[in-house]
Amino acid sequence: MISKFIINTIHFLKTSLPFLGTGVILMLFAVLVRIISGPLTKMSFRSTQKMQKVQPLIKEIQEKYKSEPKKMQQRIMQTYKEHKANPLSGCLLMFLQWPIMIPPFIIFRSTIELRGESFLWVPDLAQPDYLIMLPFKIPIIGFGNETGIGLLPILMGVTLFLTMKQTSANLEGQ
């Protein structure tokens, strides 16, 4: 169901914006996914920040009530409630994003519509953009019998790092 939605969205974008190439359409799709998942990411980050602020209080309670586990648990739960912090909310919100984030990786690797489509330096969007071929195979990561290091995953990692750094700076300033 999610896969069909993704493919239909890409087809809709391609027919609505025929003057854009497939690579630009995929980037536009990535922006749409980011807009959809952005609020969940922000909520998860805020929840993590709340948990970091409560952590010293929790350690204090653990030290004070280490011989009384039941009372310690009650105090910890009371502290979470007072500070409106939920230990599971950060993970749960990230888990909710999986159905949005994982299917594109599977679809883009197997969809026939990307075969032969080029973008910037990548001659075929259906194939990996290896910069360096490795002389050995890495289980799960390899594409067929090949294993290599691609530029697009490196760029994605750098972009993700910079985005996380900027997001954390923005949220700390609020």
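In which helix is the place of I7? The first point below takes this up, after a word on the basis of these notes. This is a predicted model, in which local features need pLDDT of at least 70 and side-chain atom pairs count only at pLDDT 80 or more, while totals for chains, interfaces and linings use all residues. Residues are numbered from 1 along each chain as its sequence is written, and side-chain values use heavy atoms, with hydrogens and water left out.

1. **Helix α1.** I7 has its place in helix α1, residues 2-16; helices (H or I, at least four residues) and strands (E, at least two) are DSSP runs, numbered from the N terminus. I7 counts as partly exposed because its relative accessibility is 29%, where buried means under 20% relative accessible area, exposed over 50%, and partly exposed in between (1.4 Å probe, protein chains only). From I7 to L162 there are 155 residues in sequence and 29 Å in space, C-alpha to C-alpha. K4 is also found in helix α1, and K4 is exposed, with a relative accessible area of 61%.

2. **The nonpolar patch.** Please look at the surface formed by L92, F95, L96, W98, M101, I102, F105, I106 and M156: together this nonpolar patch has about 960 Å² of accessible area. Patches are made of residues with over 30% relative accessible area and no salt bridge, with like charges joined within 9 Å and nonpolar side chains (Val, Leu, Ile, Met, Phe, Trp, Tyr) within 5 Å. The areas come from the Shrake-Rupley method with a 1.4 Å probe, and for residues only the protein chains shown count as cover. Helix α4 (residues 89-110) gives the most to the patch, with 8 residues. L96 lies in helix α4 and counts as partly exposed because its relative accessibility is 45%.

3. **The largest pocket.** About 2,200 Å³ of space lies here. On a 1 Å grid over the protein atoms alone, a pocket is an open set of points where a 1.4 Å probe fits, with protein on both sides within 12 Å along at least five of seven lines; lining residues have an atom within 4 Å of a point. Grid points are joined across faces, edges and corners, and the volume is the space filled by probe spheres set on the points. The lining has 47 residues, and A30, F105, L152, P153 and M156 lie nearest the centre. At least two lining residues each come from α2 (22-64), α4, β2 (148-150) and α5 (151-173), with the largest share, 12 residues, from α2.

4. **The salt bridge.** The structure holds 1 salt bridge, a side-chain nitrogen of Lys or Arg within 4 Å of a carboxyl oxygen of Asp or Glu. E63 pairs with K66 in it, the closest N and O atoms being 3.5 Å apart. E63 is exposed at a relative accessible area of 55%, and K66 is exposed at 59%.

5. **Around α3.** K84 deserves a look: it has a positive phi of about 50° although it is not a glycine. Most residues other than glycine have a negative phi. K84 sits in the loop between α3 (69-82) and α4, and K84 counts as exposed at 67% relative accessibility. Q78 lies in helix α3 and is partly exposed, at 38% relative accessibility.
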